[in-house]
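Let's take a walk through this model together, strand by strand. Have the sequence and the coordinates open as you read.

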Amino acid sequence: SDELWGLAMHPTNPDLLATSGDDRTVRVWSVKRRRMLRKAALDCMVRAVAWSPDGSKLAVGLGGSVGKGRQKKDGAFIILDADTMEVEYEGRDSRQWISDVKFSPDGKTLAMGSHDDKIYLYDGKTFALRAKCEKHNSFITHMDFSTDSSYLQSNCGAYELLYYNAMDGTFIS
């Protein structure tokens, strides 16, 4: 129902991809077999999904709106075991829906871009909040880490392209 929002290729297995959407599910698919392998049914719309660098976990950003009002878990995120699709962790620091999720290439940082104009940086193992990036003037549309995991670049709804230190969220330019 409604829209598909999240799409993420597995970091090491080109046959696997994950999707997420307004139907409140996260699904893992086989490209070769053209079929769904497993899914997690959640209690909120799912707008973003990302694999951990080793492919063992899926980070999922919750919330969204299709004219039906706010979701009860807008701004929350869930970490799923990618094999069992069991919830391993749930957190929430934003109150607006999560629009992008990324693990750093080294797996030490998890970034959550929110519709509250902020990026939340978490420890990639414990998922404790480490920093906030708060310089954008509109909702976060996309984020990427540098290949060495030191920097984060991000875009927002105001078409700003900003750069941050990925460890402490320090604004660079």
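**Loops, strands and turns**

Ser149 sits in the loop between β13 (140-145) and β14 (151-156); strands here (E, at least two residues), like helices (H or I, at least four), are DSSP runs numbered from the N terminus. Although Ser149 is not a glycine, its phi is positive, at about 70°. Ser149 counts as buried, because its relative accessibility is 6%, where buried means under 20% relative accessible area, exposed over 50%, and partly exposed in between (1.4 Å probe, protein chains only).

Before we go on, please keep in mind that this is a predicted model, in which local features need pLDDT of at least 70 and side-chain atom pairs count only at pLDDT 80 or more, while totals for chains, interfaces and linings use all residues. Residues are numbered from 1 along each chain as its sequence is written, and side-chain values use heavy atoms, with hydrogens and water left out.

Now turn to Arg24, in the loop between β2 (16-21) and β3 (25-30). Arg24 is a residue other than glycine with a positive phi, near 70°. With a relative accessible area of 35%, Arg24 is partly exposed.

Further along, Arg27 lies in strand β3. Is Arg27 buried or exposed? Its relative accessible area is 18%, so Arg27 is buried. The side chains of Arg27 and Thr25 are joined by a polar contact of 3.0 Å (a pair of N or O atoms within 3.5 Å; within protein, one must be able to donate a hydrogen and the other to accept it, and residues adjacent in sequence count only if both atoms are side-chain atoms). Setting aside neighbours within four places in sequence, Arg27 is in contact with Leu17, Ala18, Thr19, Met36, Arg38 and Lys39, contact meaning heavy atoms within 4.5 Å.

Next comes strand β10 (residues 109-114), where 6 of the 6 residues are buried. In a regular strand the side chains alternate between the two faces of the sheet. Here Thr109, Ala111 and Gly113 point one way, Leu110, Met112 and Ser114 point the other way, and all are buried.

What joins β10 to strand β9 (residues 98-103)? The two run antiparallel, with 5 bridges between them; strands pair if DSSP finds at least two bridges between them. Ile98 stands opposite Ser114 in this pairing. The β9 and β10 hairpin has 5 residues between its strands, and Gly107 in the turn has a positive phi of about 75°.

On to strand β11 (residues 119-123), which runs antiparallel to β10 and is joined to it by 5 bridges. Leu110 stands opposite Tyr122 in β11. The hairpin of β10 and β11 has 4 residues between the strands, and Asp117 takes a positive phi near 75° there.
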